[in-house]
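Biologist: Hi, could you walk me through this one? I'd like to start with how you count the elements.

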Amino acid sequence: MIEEMLEEQNGTAEIKRNDFANRIGCVPSQINYVIASRFSNHHGYIVESRRGGGGYIKITRVRMEKSEYLMHMFATVGNSLDTATLRAYLISLTENMIISERDAKIYSAMLSDTALCSEPDRVLRNMIRADMFKTLLLNLI
């Protein structure tokens, strides 16, 4: 429903948390979870939130040129990257038609914990994954 609202309203959706939760039959905290997990910076959205009066959320889809988008993603990766966040990035790259679903599967396998198992320390593994993913992003530019 939020995706439809974004399409109908030229990339920006304004939602009153309680009203929206009542409309779709859930609790407001579930709205927060969906927005945090699906409409984050990693996915190419800007989310503004205000508390009080049922809560107000404004979601804006960020439209950028390919190189601009990739550089934004590069900057948000940071020094560590877990597999769940990697998946979110790959989904975003696929949805924005920067990579194919086949490429996303290859990148996911290449950067998986299984592929990086020679490094037993999870912290170091996530750092290596971040460096490798940023190298991939730079090569996509």
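Modeller: Happy to! Helices here are DSSP runs of H or I with at least four residues, strands are E runs of at least two, and both are numbered from the N terminus. Bear in mind that this is a predicted model.

Biologist: Thanks. In what order do the elements of the protein run from the N terminus on?

Modeller: The order is α-β-α-α-β-β-α-α-α-α, read from the N terminus. That comes to seven helices and three strands.

Biologist: And what does the C-alpha trace span along its principal axes?

Modeller: About 50 × 35 × 25 Å. The protein has 141 residues, and 35% of them are buried.

Biologist: What share of the contacts join residues at least 24 apart?

Modeller: If you take contacts between residues at least 6 apart in sequence, 57% of them join residues at least 24 apart.

Biologist: Let's go inside. How many residues are in the largest nonpolar core, and which have the most contacts inside it?

Modeller: The largest nonpolar core has 19 residues, and L90, L93, I99, F133 and L137 have the most contacts inside it. Helix 4, helix 5, helix 6 and helix 7, which covers 122–140, each give two or more residues to this core. Helix 7 provides the largest share, five residues.

Biologist: Which residues does I99 contact, leaving aside its neighbours within four places in sequence?

Modeller: I99 is in contact with L90, L93, T94, A104, Y107 and L140.

Biologist: Which residues does the second core include?

Modeller: The second core is separate and has 13 residues, including M5, L6, A13 and Y45.

Biologist: Changing topic to the backbone. What is phi for N10?

Modeller: N10 is not a glycine, yet its phi is positive, about 55°. N10 lies in the loop between helix 1 (2–8) and strand 1 (12–16).

Biologist: Why does N10 count as exposed?

Modeller: Because its relative accessible area is 76%, and exposed means over 50%.

Biologist: And what about the phi of M97?

Modeller: M97 has a positive phi near 55°, and this residue is not a glycine either. M97 is found in the loop between helix 5 and helix 6. M97 counts as exposed because its relative accessibility is 75%.

Biologist: Where is E101, then?

Modeller: E101 is in helix 6, which covers residues 101–110. E101 counts as exposed, at 59% relative accessibility. E101 and D113 are 12 residues apart along the chain, and their C-alpha atoms are separated by 20 Å.

Biologist: Nice. Where does G78 lie, and which residues does G78 contact beyond four places in sequence?

Modeller: G78 lies in the loop between helix 4 and helix 5. Leaving aside its neighbours within four places, G78 is in contact with A130 and K134. G78 and A130 are 52 residues apart in sequence, while their C-alpha atoms are 7.1 Å apart in space.

Biologist: Last one: what can you tell me about M71 in helix 4?

Modeller: M71 sits in helix 4 and counts as partly exposed at 39% relative accessibility. Apart from its neighbours within four places in sequence, M71 is in contact with L138 and I141. M71 and I91 are 20 residues apart in sequence and 17 Å apart in space, C-alpha to C-alpha.

Biologist: Great, thanks for the tour!

Notes. Residues are numbered from 1 along each chain as its sequence is written. This is a predicted model: local features need pLDDT of at least 70, side-chain atom pairs count only at pLDDT 80 or more; totals for chains, interfaces and linings use all residues. Side-chain values use heavy atoms; hydrogens and water are left out. Buried means under 20% relative accessible area, exposed over 50%, partly exposed in between (1.4 Å probe, protein chains only). A nonpolar core is a set of buried Ala, Val, Leu, Ile, Met, Phe, Trp, Tyr and Cys residues joined through side-chain atoms within 4.5 Å. Contact means heavy atoms within 4.5 Å.
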